[in-house]
Amino acid sequence: MIWQALTLQLGYNATLVAIGAMLLGVSAGVTGTFLFLRKRALVSDAISHATLPGVGLAFIVMVAFGGDGRNLAGLLIGSAATAALGLASVQWLTRRTRLAEDSAIGAVLSVFFGFGIVLLTVIQTMQSGRQAGLDGLLLGSTAGMLFSDAVLIAVGGALTLALTLLLRRPMIMVAFDPEFAAAQGMNTRAVDFATMALVMAVTVVGLKIVGLILIVALLIIPPVTARFWTDNTARVWQLSGVIGGVSGFIGAAISASAPALPTGPIIVLTSFTLFALSLFFAPNRGVLAAILRHLRFQRRVHMRQGLLALAQGQPIFERYTMRILAREGLARADGVATDDGRARAAKALLDEKRWEILRGMADHESTAALYDGLRQIETVVTPDQLAEIDARIAAPQGVPA
Amino acid sequence: MPELTLASNGGQVLTAEDTANSPLAIRGMTVSYGQKPVVFSVDATFVDGSMTAIIGPNGAGKSTMLKAALGILRPLSGSVTVYGKPLDEQRARIAYVPQRASVDWDFPTTVLDVVLMGMARELGLLRLISGGHKSRARECLSRVGMEEFANRQIGQLSGGQQQRVFLARALAQGADLYLLDEPFAGVDAATEKAIIAVLKKLKADGKTVVSVHHDLATVPEYFDRVLLLNTRKMAEGTVKEAFTSENLQAAYGGRLATAQIDQVLAG
């Protein structure tokens, strides 16, 4: 069943939804990257919740003029209008009052959402207009998606994506160093406004498929996931688009393969799966890599300290140090060094002494600063310098030559 | 009414000619945070081809004045002209090196990409980054001794290396006027040497350098002009004219003991 869904063999509607969700995922992933880089991910939450009253108002207006209250284009225009109002409120509160942005987001989000719910409740009691299904825009509902809806989503998503790509350089500059961008004559407020407007566009386009509550996930999870794998800005937005697209497609396919699986939440869970995998398994930035790195480092420290203790005939108190030495065949369980251990310990002590000498040499100050207890001295000085250091060890200080 | 002249203006009357000839002329600038002016009614006329240090105690408004001169902060009053023309017509001729601490160094970007940001104006929205742009960026990196770090993530750099990357980004702009905000703060000795060598080379090429500076001991060695600031302009001129113990006393007040001043001036 899932295989059929993934290969688009589950019929017309399922195919339409899968392709629509993929396009939405790509455009949300790419657009969301710039929001994430600007560290304003939560603003998208305020924007998306502020779409709800617009949906209600658009429905009422369309019915009042005798039209179909559920016309998607009409609903999207209405939602964009109140989303813009919500965004403007957040910006105004942040800039003109002492309210911090997080408080402003909280206030705007809840008030707009509350107002939207009131409107939907009022609509439920209206006599006309086939109101059923309007609340599908909360969590997305793809059953009975029309071809015209799919086209609207595809065109809207593609347009947003194109604009995002066009504006990527200014958005990156403002996200990284707004002061430098301003010094170059860039209007940073306009760039921020454009970023938010694009996020708003994605939100509105995504209402039908993932719904207004979950669109935030599609804007934020893909860039955060991509960030685990790369340190390059272009790679982050490219990978984020791919992750968003894959999540959208697979999520939609899975939900089409069984009758009771809601599309939006399944898409979000799919992207979360990719996130969780990246969180644990990504090289460098992943959790497992970090743990391994720490363990390896800790082992090196204990090894070095253990060798120095052996060389100076000091007792080793740490059990972990003892275990490592024993496992490497450098010492017996009772703490007595093996031949191998004695040789390694002597070398460790010699190196430590060499560092000591190096620290005393005025013209090697910056080299000596590289000392961290673990670095091999051969990697920072030339063989000639090493010979010079060893010569000084051979001729002890204080004794006239 | 008796004639009063303010020491900070040195009795001079600024003419339109002064403004037209200066790479950066600030007139009557006041910048305030809330109701408290941090910079009050400052006139400054930077001299073409010179290296000027802006010095003054902590909180004297040095960085603030620089940011307002660049339009990053909006001043409450005052005008700024760059080579005799309004700031916005001359953006391409000014390069800015902000304080290192002002950005997030965990940002996913590489050293080369940061330097390429210095070419944002000439690239615009549509032009693709070519091999030519990249080799120019690499050349700017080599001028600050950082060419081998081109592909590193910026977070892997030491503080001094980060500062050099910021300078390379400014060089990539190919500007005539360089404004730097404490470029020597918290950097290693090698970086300080590398940066000052680049700045002196810029001066030798006829460029103008203005830098907020905090280490009084190096002022005579690094710079040829100074501007002393403590909310007001306290003095402006060549190091010989303006970097005097009276002016330092006036700018720093009790924060600088007379013995320290003598030491700085002797060194």
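Predicted model: local features only at pLDDT ≥ 70, side-chain atom pairs only at ≥ 80, totals over all residues.
## A walk through the A–B contact and beyond

The area buried between chain A and chain B comes to about 2500 Å², and carbon and sulfur atoms give 58% of that. Three residues stand out here: Arg169(A), Phe176(A) and Gln184(A) supply 30% of the area that chain A buries against chain B, more than any other three residues.

Now for the polar side of things. Between chain A and chain B there are 13 residue pairs in polar contact, with both partners at pLDDT 80 or more.

The charged residues bring us to salt bridges, and 5 of them run between chain A and chain B. One is formed by the side chains of Arg227(A) and Asp106(B), at 3.7 Å from N to O. Glu179(A) and Lys67(B) also meet through their side chains in a salt bridge, with an N to O distance of 3.1 Å. Glu179(A) sits in helix H10 of chain A and Lys67(B) in helix H2 (residues 62-69) of chain B, so this pair joins two chains.

Rings also cross the contact: ring pairs link Phe176(A), Trp105(B), Phe107(B) and Phe166(B) into a cluster. Over all chains, the whole structure has 10 aromatic pairs. One of them is Phe280(A) with Phe281(A), where the ring centres are 6.5 Å apart and the planes lie at 55°, so the pair is tilted. Phe280(A) is partly exposed, at a relative accessible area of 40%, and Phe281(A) counts as exposed, at 53%.

Both chains also have salt bridges of their own, and the total over all chains is 26. In chain A, Glu388(A) and Arg392(A) form one, with the closest N and O atoms 3.8 Å apart. The two residues are 4 apart in helix H19 (residues 383-394) of chain A, so about one helical turn separates them. Glu388(A) is partly exposed, with a relative accessible area of 37%, and Arg392(A) is partly exposed too, with 39%.

Over in chain B, the side chains of Lys207(B) and Asp176(B) meet in a salt bridge at 3.4 Å, N to O. Lys207(B) lies in the loop between helix H7 (189-204) and strand S8 (208-212), and Asp176(B) in the loop between H6 and strand S7 (177-181), so the pair ties together parts that are 31 residues apart in sequence. Asp176(B) itself is partly exposed, at 22% relative accessibility. Chain A, for its part, has a network in which salt bridges with shared partners join Lys347(A), Asp351(A), Arg354(A), Glu378(A) and Asp390(A).

Helix H6 of chain B, residues 159-172, also holds Ala172(B). This alanine is buried, with a relative accessible area of 3%. Which residues does Ala172(B) touch, not counting those up to four places away in sequence? They are Val115(B), Gly118(B), Met119(B), Arg136(B) and Cys140(B).

Asn284(A) is not a glycine, yet its phi is positive, at about 70°. Asn284(A) is found in the loop between helix H14 (263-281) and helix H15 (287-311) of chain A, and it counts as exposed at 58% relative accessibility. Glu182(B), likewise a residue other than glycine, has a positive phi near 50°. Glu182(B) lies in the loop between S7 and H7 of chain B, but this glutamate is buried, with a relative accessible area of 17%.

Definitions and conventions:
Residues numbered from 1 in each chain as written. Chains lettered and ligands numbered in written order. Heavy atoms only, no water. Buried area = accessible area lost by both parts, 1.4 Å probe. Salt bridge = Lys/Arg side-chain N within 4 Å of Asp/Glu carboxyl O. Polar contact = N/O pair within 3.5 Å; in protein donor to acceptor, adjacent residues only side chain to side chain. Phe/Tyr/Trp six-rings, centres within 6.5 Å; stacked < 30°, edge-to-face > 60°. Buried < 20%, exposed > 50% of the residue type's maximum accessible area, 1.4 Å probe, protein only. Contact = heavy atoms within 4.5 Å.
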